[in-house]
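Hi everyone, thanks for coming. Let me put my structure up on the screen, and then we'll walk through a few bits of it.

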Amino acid sequence: MSPPAPLPPLAPGALPLAGHLIAYRQDPLGFLMNLAARGRIVGMRLGPIEAFLLREPEDIDRVLVSEHRRFWKDRMTRGLGRVLGDGLLTSEGDIWLRHRRLLAPAFHRERIAAYGNDMALAADRFARSLQPGEVRDIHADMMRLTLEIVAKALFDSDVGPRAADVAHALDVVVGRFGDGSITLFPWLEHLPLPSNRRSRDAIATLDDVLLGVVRARRARGGGGSDLLSMLLAAEDDAGRGLSDREMRDELMTLFLAGHETTALALSYAFVLLSKHPDVEARLRAESDAVLRDTLPTTEHLARLPFARAVILETLRLYPPAWAIGREAIEETSLAGYRIPKGTQLWISQWVNHRDARYFPEPERFLPDRWLGGLERSLPRFAYYPFGGGPRICIGNQFSLLEATIVLATILRRVRVRLLERRPLSLLPMITLRPQDPIVVAYEPAPKPELLRAPVSAAP
């Protein structure tokens, strides 16, 4: 009888009680990169939780696709259920499957394409509102812009000025729950701390606004072209739709995913373009040649391949969704290691997107790498900014469309100049946020005739 397979190894340096928590908190992204360099599957201990990082695309594929029924969301993600409820991000099993099927028609490619015009109009209004030389925080600007776009797409005019209340409340609860502290130490949530009071108030605001919108729209009898209308009309095979509470959970999840993640991608894209003016010039030249005096629409996207490449490369270097977690719900094996039931598995886009086997010069911003069919040649989980498998982000096409249209629209009118050249300081929470404001100056874009001049192809 052969001996049982070994458990994956734990990284050295764990302290009593804290484990690797202190080292992880000091530099989460660097810690994961160092962990990945130690082996195919290597573990860490974060206080009471032991988790193992997967780095090989084939192992990730098994967990997220071919054997996905053996795993569900990890403890930290499930902990977000206290805020997001049973939305697509946190739900499991039959609840998740039913909701996914009900929401899928609202995210059909043709339905998403219909929002392209609203995206371009909002971006153009923003660009027109800027004063030459104006100094602002571009992350805050992109958050406001994507808020306007997602509020229009989700709710049309029903939320109005209260969209800002939703955005602020989500920011509070993401800040409170997003670093995993409450999952690691649940007793923190019950202490009489100001942060807990703010979190409870924020959740109450979210319930008030979102449930209020759902109930008002039901009372009005539905109708409309926004996503809320489609969700209210959706029914399963038994003729049942989503309850008010289920609607609240899904709207909150969609609001978070459709607002913050795209704002982050755009913020990081403008930072990278400011640092690479030749890439910015190529992108502006492409937009000018294709769009001329019109705003971009969905139909233009196929003729804006460099704009798409810039977004893909930005998502590679700064993926807003920087890590995914799963938990084994039965004993299994991976790469010759035994994975007991309850094992926490981490998968990190930040790590995989910097693998030099698939991305030569991985720290460089090289949009050209995406122009030669790289997407088709990569292993499925070498690059996965929106996750993958059955639980791939349902709004991935919405996000890509929005990021590309907004980027092309704004660059037609302004040049974004980064005022502080130091490296970005990042804050990995639910999403990969900048720790400090990203201060830029907005300047008038070069005249179109200058943009058509040949520029270097090398970033």
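So, let's start with helix H19, residues 396–413: this helix lies across S9 and S12, at about 95° to S9. Across just means contact, heavy atoms within 4.5 Å. Angles run from 0 to 180 degrees between N-to-C directions, with axes fitted to C-alpha atoms, for helices over the stretch in contact. Helices (H or I, at least four residues) and strands (E, at least two) are DSSP runs, numbered from the N terminus.

Quick background: this is a predicted model, where local features need pLDDT of at least 70, side-chain atom pairs count only at pLDDT 80 or more, and totals for chains, interfaces and linings use all residues. Residues are numbered from 1 along each chain as its sequence is written, and side-chain values use heavy atoms, leaving out hydrogens and water.

Okay, the sheet under discussion: 3 strands, open, in the order S4-S12-S9, with antiparallel pairing. Two strands pair if DSSP finds at least two bridges between them. S4 (134–137) and S9 (414–418) are at the edges with a single partner strand each, so one side of each has no neighbour in the sheet. Neighbouring strands are turned by 35° against each other on average, direction ignored. S4 and S12 (residues 439–444) are joined by 4 bridges, and aspartate 137 sits opposite valine 439 in S12.

There's another open sheet, too: 5 strands with mixed pairing, ordered S1-S2-S8-S5-S3. Here S3 and S5 (residues 324–328) pair antiparallel over 3 bridges, with lysine 73 opposite arginine 326 in S5.
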